Amino acid sequence: MGSDQANQTPYYITTPIYYVNDRPHIGHCYSTLIADVAARAQRLVGRDVFFLTGTDEHAEKVSKTAAEHDKTPMEWATINADRFKAAFEFMNFSNDDFVRTTEERHKAKAVEYITQLKDEGIVTLGDYEGWYDPSQEEYLTEMVAKENDFKSPVTGKPLEKRVEQNWFFDLPRYEPWLKERIDSGELRILPEARKNEVLGRLKQGLRAVPVSRKIKEGDADWGIKMPGDDSHRIYVWIEALCNYLTTVDNAERGQYWEGEVVHLMAKDILWFHAIVWPAMLHALGKKPPETVYAHAYWIAEGKKMSKSLGNFIEIDLLQAYAEKYSLDAMRWFLTTQGPLGANDADFAHARFVEVYNADLANSVGNSMSRVGNMINKYFDGTIPATCNGEFGFPNGSSLQTALTALDNAGKTVDDPSRTYHFPEFTQKAVSDAVDALGKMDLESMLDSGRSIVRHVDDFISYCAPFTLAKQLDTLGDGKHALESILYSCCEALRIASLLLSPAMPEKMAELWGNWNCDHLNNPEDPNSGFKAPLSELAAWGGGYSIKPDQEILKGEALFMRADVKEQPPETGRNS
RNA sequence: GGCGAGGUAGCUCAGUCGGUCAGAGCGAUGGAUUCAUAACCCAUAGGUCGAGAGUUCAAGUCUCUCUCUCGCCA
């Protein structure tokens with residue numbers, strides 16, 4: 001998609017719904033952050049976006065844990081769902097809804113879907129044979145059973161081969177359809193390595209998927225009954241997948257499913273999303289998703305996170321980082337350094353500080369600060385005139401003047417023939433960012449914003465406005481040249497800030513506040529939405545550009561340089 | 001065990017159809033500069049492109065063998 005015409009298709013992005021018995025940690029926050037950045041970027045581009053996250057609550061263990069805490073399953077689920085809501089609010093996620101699978105709106109629709117599949121003979125009764133762990137009352141996969149020498153991984157007691165009747169979804173009949181769909185790219189599986197993985201596994205053939213579990217004696221009344229069969233419940237996995245559709249399967253939100261649908265998740269649950277779910281949708285006569293994106297994992301200081309090591313990066317540590325370096329800096333680190341590709345990424349403190357200093361303090365923050373400072377110093381906070389951003393011969397009189405000033409000061413210019421074309425440069429950055437967004441390459445998208453910052457820094461070193469500023473009395477058109485140069489820096493950084501805003505909404509809104517940029521519906525609220533699509537906001541000399549009388553306040557530094565030697569922030573948790 | 005991905009500068013990684021492909025960013029070092037947050041700008045990495053063999057006028061880039069790491073297996 002080029003940059004000339006914005007994509008008007010509605011955009012629907014989802015995260016997995018999270019298991020309520022978990023405590024919110026970096027994994028949950030990362031998946032949801034990626035979705036948030038993509039959603040914010042798509043809104044910035046001007047699309048109608050719906051961003052969904054939520055909690056998966058009907059697992060058997062939830063009712064058990066609830067009992068251990070003297071709570072009803074619902075009370076327990078609510079306590080934990082609220083933890084996720086609080087964590088996500090802290091992360092400043094812009095989700096449009098938060099679905100809980102215990103909500104009636106979800107349950108009713110899920111029953112409807114399963115009923116339809118049953119009526120059409122796609123879900124039928126059959127025998128399920130598997131390795132059962134009596135001590136844990138759960139079935140293990142063939143692989144897990146084998147790895148543990150067919151003994152319980154928890155108690156070490158032998159597993160039992162058990163057969164029970166279940167309802168099955170006839171997945172094999174969709175094998176050709178799935179293969180064609182994935183091969184053709186209509187169903188896009190990202191990153192590429194994951195697509196190969198899925199196709200490889202598809203070659204080994206498909207089996208029917210159990211969609212129910214038999215209700216055992218003593219089970220709490222928890223979960224959704226299998227329609228037409230009170231002795232079974234809908235298997236939580238199947239029911240959970242349905243959330244993506246149940247939430248928007250109505251008159252008000254139906255357009256989102258018809259638009260572009262993107263499911264985002266960690267790699268462990270790719271199969272369900274890339275194979276089982278699209279096949280179910282196809283069986284239901286619904287359009288499958290356009291994109292299924294499976295990212296890898298975070299590890300902590302070079303080690304896998306595990307319960308036994310107790311090194312999970314939980315929400316409290318993220319809060320400590322946000323407290324010390326700002327929330328947006330933490331969002332930036334996770335987004336740009338995270339495992340968006342096929343490989344795991346390391347959350348290491350030293351790395352965090354490095355990236356913070358290099359990307360934010362030294363680059364974005366410093367550049368915005370130096371430009372704002374010069375405008376205050378030389379023009380008392382407002383630029384008297386705009387500039388078309390063109391600095392090249394033979395029309396580069398402003399640049400020529402600056403070089404003359406350098407010459408006067410006895411400074412040598414290594415290459416006096418350089419030219420700068422800011423409108424072209426910034427437009428290229430914007431269109432690159434939009435293209436990267438289309439590929440879910442958020443790192444590249446954000447780097448397009450940083451490329452403008454680098455360009456401005458380079459420009460400043462080259463034409464040295466601070467040297468020019470000292471010769472305003474002696475150079476006839478010195479003032480005009482200085483105005484043009486600083487205006488262009490300022491306007492370019494404004495455009496850069498738009499591209500950086502999906503990852504750092506608060507900090508960029510802070511800049512717009514300081515510089516009196518009129519991008520947001522409510523300047524006080526970073527989440528209030530943009531007044532216009534990116535193509536208009538980012539237009540050089542357009543309706544949202546820096547105006548001659550616009551006040552450019554210095555403001556506080558957005559990102560102060562951090563000391564590399566400082567210890568990681570404390571969580572306040574006793575560990 | 002089956003299928004798959006990968007081993008390229010200290011770190012994270014780019015390298016399309018084999019021939020400026022030996023690169024980028026970060027870190028480190030040196031220089032220049034002072035508007036700025038000891039920031040910015042410029043220069044510097046001589047790395048056997050995991051090991052060995054083969055194909056070719058020419059191979060990180062193709063073939064084979066070995067080795068190591070990793071992922072997926074409902």
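R181 is buried, with a relative accessible area of 18%; buried means under 20%, exposed over 50% and partly exposed in between, using a 1.4 Å probe and protein chains only. This is a predicted model, where local features need pLDDT of at least 70, side-chain atom pairs count only at pLDDT 80 or more, and totals for chains, interfaces and linings use all residues. Residues are numbered from 1 along each chain as its sequence is written, chains are lettered from A and ligands numbered from 1 in the order in which they are written, and side-chain values use heavy atoms, with hydrogens and water left out.

**The whole chain**

- Chain A has 21 helices and 17 strands, which are DSSP runs numbered from the N terminus (helices: H or I, at least four residues; strands: E, at least two).
- Of the 575 residues in chain A, 55% are buried.
- Take the contacts with a separation of 6 or more: 77% of them are between residues 24 or more positions apart, where a contact means heavy atoms within 4.5 Å.

**Salt bridges**

- There are 34 salt bridges in the structure, each one a side-chain nitrogen of Lys or Arg within 4 Å of a carboxyl oxygen of Asp or Glu.
- R181 pairs up with E186, with the closest N and O atoms 3.6 Å apart; E186 is partly exposed, at 39% relative accessible area.
- D249 and K109 make another salt bridge, at 3.7 Å between the closest N and O atoms. That pair ties together distant parts of the chain, 140 residues apart: D249 sits in the loop between α9 (243-246) and α10 (254-258), and K109 in helix α4 (residues 104-119). Both partners, D249 and K109, are buried.
- K428 bridges to D432, with the closest N and O atoms 2.9 Å apart. Both lie in helix α16 (residues 422-438), four residues or about one turn of the helix apart.
- Elsewhere, D97, E103, R105 and R253 are joined into one network by salt bridges that share partners.

**Two threonines**

- T412 is in the loop between α15 (397-408) and β17 (420-421), and it is exposed, with a relative accessible area of 78%.
- From the C-alpha of T412 to that of L442 is 40 Å, though the two are 30 residues apart along the chain.
- T467, in helix α18 (residues 465-468), is buried at 10% relative accessible area.
- Setting aside neighbours within four places in sequence, T467 contacts A405, L406 and A409.
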